[in-house]
Amino acid sequence: MVYIQIPKLKRERIVVLTGREAVSISVLSLAVAFIVFSGFLMYEGADPIEAYRNIFSFAFDQKLGLSTTLHRGFFILFATLAFIIPMRAGLWNVGMEGQFYLGTIGAFAVAYTLPTLHPGILIPLMLLAGALFGAFYGALAGFLRGKLNVNEVVTTLMLNNIAFWLVYLLTVGGPWAGIAESTSRPLPASAHAPIILNTPFTSFLVIGIAVILYIFLKYSSIGYQIRVLGNSPAAAKHIGISAPKITVLVMALGGAIAGLSGYHMWAGDPAFFMIPRPEAYKAIADLTYWGLIIGLICLLNSIAAIPLSVFIGSILVGSTVLVRRLRLPFGLDVLFLGIISLTFVAFQFFHYYRIKIKRRE
Amino acid sequence: MKPDAPILEVRGVTKRFPGGVVALDKVDIEIRAGEIHAILGENGAGKTTLMNILFGVLQPDEGEIYIHGKKVRFRSPLDAMNMGIGMVHQLRKLIPAHTVLENIILGHPKTGKILNLKKAREEVESLCKRYGFNLDLDARVWQLSAGEQQVVEIVRALYRGARILILDEPTSVLTPLEIEALLKSMKAMAKEEIATIPFVTHKLPEVFAVSDRVTILRRGKVVKKIETREATIKALAEYMVGREVLFKLDKPQVKIGDEILRVENLSAMSDKGVLALKGVSFSIREGEIFGIAGISGNGQQELAEVIAGLRKPVSGKVIFQGRDITHLSVLERMKIGIGYIPPERLGVGAIGAFSLADNILMSIYFDPEFSTKGFLNYKKIRDYAKKIVSEFEIVAPSIDTKAAHLSGGNLQRLILGRIIPRTSKLLIANSPTVGLDVAATEAVRSRLLACKKEGMGILFISEDLDEVLEVSDKIAPIYEGRFVKILPAEEARKEEVGAMMAGAIPGGS
C-alpha cells in the first residue's frame, strides 16, 4: 500500500502580535493589492509600472497633487484617531462620518453667526464648536452603550444617517443655502484656514493630536484604564474601572477629534470654503471609513497611523491620473482603492492566525 | 436477550491527556436496558472525559465499548447517535431563535431538505405524551427556562431514537418542581427500556431517590459500584471524596485578633437571576483563614463577589472593621485593604497581552504614589514590578514579557504578587489553586499561610475538600447558597464535611 503524503495546512492562533509582524503583514498586503491591480491595468492595456509611477509622481508633485494629498491624508488621520481611541477600549466607533458632519455643523454655525470676528478668535472658536458637537454625538452612542448596553456599531451607523440629513436640511434650500441652492453659502474669508507648507495648519494640529494621543494612551492613568477595558472588560471590573464612564469618555474623545475634521475639510481646501452638494459632501464623508481600516492595520498605534493616512491620501489623489492622464476607463481609480481596502481587511486574518504546514500522520 | 444483559458495556477504558494526566484508568461500567444508572464523581474525577468517550467526542487510548454485546468504535458523535446514544449537555446546544419543534427535528436524518412539520409535530407530540414531557412546541427556545431547555434536549435525543441517554448534571439548573417532573419522566423512560445515565456532582439526594444503581468515580478510577437501595447518601458522598489520611501542612500558630469582616444575612442573585446566596452570616478575624468548601455553583462565587464589591447583594450587610461597606465600590474596597483573587486567571486576574509590569499595575494604577498629575510614573512602576517578580519568584525573561507566555503556576504567582502586597486586611482567595500542578499549589498555599501570619483575614474558597481542611481555621460547607454549618478545623471530619457539601446532611445556618 502506498500512502501519498499530502501536507496539511493548520492555522495556529497568535497570542501576541508584535509591531514588526504587523508592519510586515501590512507591507505584504499592500504588495498583494498592487499585484492584483496590475492585472487589471494590464487587462486595460496599461503598463503597471508606468501607471504606479504616474500615480505617485502626481500625488507628491508640489505643483500638482501634493497639497490635496496632504489635505485628504490628514483628513483621514482625524478619522483614524477618532476610531483608535474607542477601539482601545474595545468599542467600534463607526460613527466618524456622523461626528464629522456634526463637527461641520458646529464650525459653520460659528462662522455664519460671527463672521466679523478676527480670524485668531474665530478659527479657534470654530474648531472648539466642531469638537464639542462631535464629542456630543460620540458621547450619545457611548452613553447608550455604557448605560444601556446598546451596541455601538448599530447606534453610530444610524446616527451617521441622521447627521447626513441634518447637514442636508441646513444646506439644500435651508437656512445655510447659497445661491446654488444645493450648496451652502461660502465661509467668510476670516474663517479660511491659514496654509503652512502647502497644507492647512490643521494638518499639524492632527499630527500633534496623534502624538499626544500616543502618550496619553501609553502613559496616563486614564489611558491605562482604557487599555485594560479594551483587553478585558472582566479584568477592568475586577480592579474597579468603571466601564460606563470610560465608554462615554472614549466615544466623546473620538467624536471630538472627528468633529475637528469638519473645519479641516471645508475651511482647509480652497476648492470648497463651503459645504458642497450632498453627493460631494457624502463622498468626502465616506473617506472617514478609511479610519477604521488604517486603525486596525496599525494596531491602534496613533503614530503609525500618520504615514499610513498620508499614503492612502496619496493613492486617493494620485489614482485620479489613471483616468485623467492615462485615459484609462472611468472608475479604475476607485477600483484600486477598493482592492487596497479589501486586501488590508483580508490580511487582518494574519493578525490572529499563522498558517503552519503540517504533515499528515 | 436476557433481561439483565447490559446494553452498554465499557471495558477497561483508559484515557490519557498530554502532560501525563490519566483522566480515566481502566474504567468498567455496565448499563442495563431501562435502568437509571447514576455516575457520581467530584470535579476532576473523570466524568466529563467518560461522557465524551461514550458520546464519541473523544476516543479511548485503551479499552472497548460494547453495545448489545457487539464491539463498537465511535469516531464522532454521529456514530454514537446512530448506535442509539443520546446526550443532554449541561451547556445547551440549542438554537435560541428557533422554535422548540424546529430544534427537535434539526439534524434528524428524516428531516431532509423539505420540512414536513405537520408529521414531525405529531411524532414529537406523541413522544412527549408517552414520557410525560410538557412542552410548548411553538415556543422559541430563548423564552424557555433552563429546565425546559433541558427537556427539549431530551426529547430531541429520544426523537433521534436514543435508547441510552446521557444526562450531564441534569438537576443542577432545575427548580424543585422541574426536578420532580424530570425524575418522573426518567421513570417513564425506564419502563420503555430506555436507559438513562445521569452524571452527577451536585444534588445527590434527588438522584439518589430515583436511580437504580450508582457507579462512583474518583481520580479516574471506578471506586464503587453499588445498588442504590443498598447505599446511603452519606456513604456515597464518602466514596466520592475519598477518605485517605492526608499530609498535613504546618499551620503557623497565629494569634487570632480582632474581627475584620462580618457578613450578616447576605443574599445575592446569580448571573442567571436565580437566588444563589441565601442569607449567609459569618465573621473572619485577623490571622484567620475561613474556608468555604463546596461544589462550584452553590453560591460561593456570588458570596466572594459580593464581598469584593463586584456584585450587589439583594439583602444583608457586609461590615469591614466595624464599617458598613455594603455599598462601597470595588475601587474603594481595594483602597481600604481588601484583595480579591478571582478563579479565572487569564482574562480576569491577568491580561495576556499586557506585560508583567502592566499586569502588576492593575493593583496600583490608582495609587498616587505611582503617578503624577494623571500620568503614570513608569520608572517607579517598573522598579516595583521588578521587586514583585523576584519576591514572588515569577519565572520570566523580564518584566516586559507578556503574561500570555507564562505557565499556569507562574501566572498565578503574578496575580498573587499583584494583589497580596496591596492587600492589608482581607484577602478573598477564590479557587486559587484550581488547575495548578502540585508544586504551584503548594506555593499558593504557603503564600496564603504567610498572609495569615501577617495578620490578614482570609476567605478561602475551594472545591478541593482536602485543601480546605488543610489550610483553614474554620470550615463552612456550602450547599445551595447556605452554609450547612460552620465548624472549627479541629472538629471537621472529612467524611462529614464531604457529605454536607454534597447535600447529604441538611443543616441550619
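Biologist: Let's begin with the overall picture. What makes up the secondary structure of chain A and of chain B?

Modeller: In this predicted model, chain A has 16 helices and 4 strands. Chain B comes to 16 helices and 23 strands.

Biologist: Where do the chains meet, and how many residues are in contact?

Modeller: Contact here asks for C-beta atoms within 7 Å, and 17 residues of chain A are in contact with 24 residues of chain B. On the chain A side, helix H8 (221-231) and helix H9 (233-238) each supply at least two residues. H8(A) gives the largest share, 6 residues. By type, that side of chain A divides into 9 nonpolar, 7 polar and 1 charged.

Biologist: Staying with chain A, why are H3(A) and H10(A) called roughly antiparallel?

Modeller: Helix H3 (residues 66-88) and helix H10 (residues 243-268) of chain A pack at an angle of about 170°, with their axes 7 Å apart. Angles over 145 degrees count as roughly antiparallel, and H3(A) and H10(A) are therefore placed in that class.

Biologist: Which residues meet there?

Modeller: From H3(A) they include A:Phe74, A:Phe75 and A:Phe78, and from H10(A) they include A:Leu253, A:Ile257 and A:Leu260. The residues of this contact divide into 16 nonpolar, 6 polar and no charged.

Biologist: Over to chain B. Why is B:Pro170 called buried?

Modeller: A residue needs 20 or more other C-beta atoms within 10 Å to be called buried. B:Pro170 has 29, so it is buried. B:Pro170 is found in the loop between strand E7 (164-168) and helix H6 (176-191) of chain B.

Biologist: What is B:Pro170 in contact with, leaving aside its neighbours within four places in sequence?

Modeller: B:Pro170 is in contact with B:Val88, B:Gln150, B:Leu182 and B:Pro198. B:Pro198 lies 28 residues from B:Pro170 along the chain, yet their C-alpha atoms are separated by 6.6 Å.

Biologist: What makes E7(B) a mostly covered strand?

Modeller: 5 of its 5 residues are buried. B:Ile164, B:Ile166 and B:Asp168 point one way and B:Leu165 and B:Leu167 the other, all of them buried.

Biologist: How do you know that E7(B) pairs with strand E6 and with strand E8 of chain B?

Modeller: Pairing needs at least two bridges. Strand E6 (residues 85-88) joins E7(B) through 4 bridges, and strand E8 (residues 195-200) joins E7(B) through 5. E7(B) runs parallel to E6(B) and to E8(B). B:Ile166 stands opposite B:Met87 and also opposite B:Ile197 in E8(B).

Biologist: What makes E12(B) and E15(B) edge strands?

Modeller: Their sheet is open, with 4 strands in the order E12-E11-E14-E15 and antiparallel pairing. Strand E12 (275-285) and strand E15 (323-324) each pair on one side only. E15(B) pairs with strand E14 (residues 315-320) over 2 bridges, and that meets the requirement of at least two.

Biologist: Finally, which residues of helix H16 of chain B are buried, and what do they pack against?

Modeller: In H16 (residues 494-501) the buried residues are B:Val497, B:Gly498, B:Ala499, B:Met500 and B:Met501. They pack against helix H8 (233-241), strand E13 (289-293), helix H15 (465-471) and strand E21 (474-479) of chain B. Just after H16(B), B:Gly503 takes a positive phi of about 85°.

Methods:
Residues are numbered from 1 along each chain as its sequence is written. Chains are lettered from A and ligands numbered from 1 in the order in which they are written. This is a predicted model: local features need pLDDT of at least 70, side-chain atom pairs count only at pLDDT 80 or more; totals for chains, interfaces and linings use all residues. Two residues are in contact if their C-beta atoms, placed from the backbone, lie within 7 Å. Ala, Val, Leu, Ile, Met, Phe, Trp, Tyr, Cys and Pro count as nonpolar, Asp, Glu, Lys and Arg as charged, and the others, Gly among them, as polar. Axes are lines fitted to C-alpha atoms, for helices over the stretch in contact, and angles run from 0 to 180 degrees between N-to-C directions. Angles under 35 degrees count as roughly parallel, over 145 as roughly antiparallel, 65 to 115 as roughly perpendicular and the rest as oblique. A residue is buried if 20 or more other C-beta atoms lie within 10 Å of its own, exposed if 12 or fewer, and partly exposed in between; C-beta atoms are placed from the backbone.
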